[in-house]
Amino acid sequence: MNQAALALLQSVFGYPAFRGSQAEIIDHVVNGGDALVLMPTGGGKSLCYQLPAMLRQGVGVVVSPLIALMQDQVDALAEVGVKAAFINSTQTFQEALVIEQKMRQGELDLVYVAPERLLTQRCLELLDACPISLFAIDEAHCVSQWGHDFRPEYIKLSVLHERFPHIPRIALTATADQATRAEIITRLQLENAMQFVSSFDRPNIRYRIVEKANGRQQLLDFLQAEHLQDSGIVYCLSRKKVEETAQFLNEHGISALPYHAGLDTRIRTQNQARFLREDSIVMVATIAFGMGIDKPDVRFVAHLDLPKSIEGYYQETGRAGRDGAPANAWMSYGLQDVVQQRRMIDESEADENYKRLQSGKLDAMLALCETIHCRRQHLLSYFGQTETGIRNCGNCDVCLNPPSAFDASVVTQQLLSAIYRVDQRFAAGHVIDILRGMESERILQWRHDQLSTYGIGAARSEAEWRAILRQAIAQGYVSVDYESYNSLKLTEISRAVLKGELSVQMRRYEKPQKPAKQKRVSKGYIETDLSAQGQRLFEKLRHWRMETARLHNVPAYVIFHDSTLRDIAKAYPNSLSDLRGVSGVGEKKLATYGEQIVELVSSI
Ligand code: ADP
Ligand code: ZN
């Protein structure tokens, strides 16, 4: 164990010990080794390059695509007394000159640079002239052409290895799949890097996937029951839906802001800043939002539409609960989602290879939605982590409320023959009407009431039939033809089901229920272990933090995390030396805020 690193962890960051494999990684990089770090969101990746940069000679260059967050990152480091700066397009030429000067003179520990800036001749020459401790390539999955965060400039980052072969590089990402990992290694020439793969489990996140009835209303019910006044993110597929959903939530008393690529940059930045700074904003967003958002107290992530892949889903839900306190990942999902996603793949301009890949990812996502086993186990094994020993996690909807499966062979046969009898020329609504024996105008017009399949499924509700059809599509027994009005088609394996050679298992349909008002997972957790007096102190501390954050123009969590405030409210430090022992209180913060906090404590 690197004693110098531990000493800095304690004195600068105020943390008593390293987490997971942080110590090993730091040791390796301090000694000049290259590293590839795969760690879930909230795992503590930043320290893995910040500490080595402080311990080694020269400035640590952090490549990050997240220009909008650099200011907050640098502010947070300044709060603990680390000399950091950034170079990006938000600065004037003069401002950048000052930073460049400091870099040349070795006055900085860390500098954050956007990749497009780094690759300029001017910047590379600047680096030639500076002592450099390391290169950290954050969000390294951006190098992957198949991922949704692909940034073409990332590919060119291989120049770092060619131009500065003796400077250690550390690439970090929270994206766990094998293909992305392999791509990072080849594209960034990290063949000789040591790989550090952490467990991707996020035990404090509760996964839930509900049958979609009226998604928006279900979301509102969920928020009202469990997340009033919490920070959270709601993901939607389209810009239009983002706008509508944000408006809907606002009309129902929830402070929601929209975020998508179509919004004016100024408004987007403003909304992001409010989300980061305030305590209880719901951000309604497309997947354009969220990368690098390190707000620790996001209490829920909700998906109103099906994500395109498990990688996306896991990354997005991972933004909840970075502080380790309980958080929810909630999603509503229905037949329309499956149809829509399949159509998007089909209609995209991409080549066949790419379409096949996307289609495989969608299938995997559907399998997660339809599984009748523990969701967490399913997720972890998707990422190749089968050795976790988790069978029933006890913290997902399936474990908490096991669904039952049933032998769906006969109903699938009914569905398939209904599709067959209308010559595979009709869409879901009509086929279900036939099965249920409805007397719609269309049925009479086509004389479909004469079919042998007419009314054979009358005992099941429309929602139930939709759930069956959805699972049939997910399992590949039915396909949807987008070229001809979404008509349902049989597939190669349908025949085996029709002939009774293949049996089909499905999840039993359960009517969506309005959630009962529950004790909130969020603040409830933070407050439960406090006495009444501690509780009062905690509220006072939060209030003090809010004022202080406003004064310094930084997000509240940059001053102190909730967990640190809670520890203070428990420990009642009466002196600076008592306060020093609290996790999250380093020397600089002690010097800056210590007196104020001790005074606050004694006033209770
Ligand atoms: P990541 O970048 O992996 O998502 P961060 O580096 O932002 O995660 O760390 C997540 C949170 O955990 C941060 O608030 C950080 O201060 C905290 N943290 C990291 N390492 C430790 C540690 N060893 N002890 C206590 N808190 C830690
Ligand atoms: Zn589970």
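**Rings, cores and a zinc site**

Visitor: Which residues do ring pairs link into a cluster?
Guide: This is a predicted model. A search of the whole structure gives 14 aromatic pairs. Ring pairs join six names into a cluster: Phe200, Tyr207, Tyr313, Tyr314, Tyr382 and Phe383.

Visitor: What is the angle between the planes of tyrosine 207 and tyrosine 313?
Guide: The pair links distant parts of the chain, with tyrosine 207 in strand β8 and tyrosine 313 in helix α14, 106 residues apart. The ring centres of tyrosine 207 and tyrosine 313 lie 6.4 Å from each other. The pair counts as tilted, with the planes at 45°.

Visitor: Is tyrosine 207 buried or exposed?
Guide: Buried means under 20% relative accessible area. Tyrosine 207 has 1% relative accessibility. Therefore tyrosine 207 counts as buried.

Visitor: Why is the pair of phenylalanine 222 and tryptophan 330 stacked?
Guide: Phenylalanine 222 sits in helix α11 and tryptophan 330 in strand β13, 108 residues apart. Both residues, phenylalanine 222 and tryptophan 330, are buried. Planes under 30 degrees apart count as stacked. The ring centres of phenylalanine 222 and tryptophan 330 are 5.1 Å apart, and the pair is stacked because the planes are at 10°.

Visitor: Which residue lies over the face of phenylalanine 248?
Guide: A charge over a ring needs NZ of Lys or CZ of Arg within 6 Å of the ring centre. Lysine 295 lies over phenylalanine 275, at 5.6 Å from the ring centre. For phenylalanine 248 the distance is 4.3 Å, and the residue is arginine 216.

Visitor: Which residues touch the most other members of the largest nonpolar core?
Guide: The largest nonpolar core has 135 residues. Leucine 415 has contacts that include Val431, Trp465 and Val478, leaving out residues up to four places away in sequence. A second, separate core holds 36 residues, among them Val12 and Leu110. In the largest core, the residues that touch the most other members are Met103, Leu415 and Val478.

Visitor: Which residues are the protein donors of the zinc ion (ligand 2)?
Guide: The spacing of the donor residues in sequence is C-x18-C-x2-C-x2-C. The SG atoms lie 2.3 to 2.4 Å from the zinc ion (ligand 2). The donors are Cys374, Cys393, Cys396 and Cys399.

Visitor: What arrangement do the four donor atoms make around the zinc ion (ligand 2)?
Guide: Four donors count as tetrahedral if all angles lie between 85 and 135 degrees. Around the zinc ion (ligand 2), the donor atoms subtend angles of 101 to 118°. The arrangement is therefore tetrahedral.

Conventions. Residues numbered from 1 in each chain as written. Chains lettered and ligands numbered in written order. Predicted model: local features only at pLDDT ≥ 70, side-chain atom pairs only at ≥ 80, totals over all residues. Heavy atoms only, no water. Phe/Tyr/Trp six-rings, centres within 6.5 Å; stacked < 30°, edge-to-face > 60°. Helix = DSSP H or I, 4+ residues; strand = E, 2+ residues; numbered from the N terminus. Buried < 20%, exposed > 50% of the residue type's maximum accessible area, 1.4 Å probe, protein only. Lys NZ or Arg CZ within 6 Å of the ring centre and 35° of its normal. Core = buried A, V, L, I, M, F, W, Y, C linked by side-chain atoms within 4.5 Å. Contact = heavy atoms within 4.5 Å. Donors = N, O, S within 2.8 Å, 3.2 Å for Na, K, Ca; no water. Tetrahedral: all angles 85-135°; square planar, octahedral: opposite > 155°, others 65-115°.
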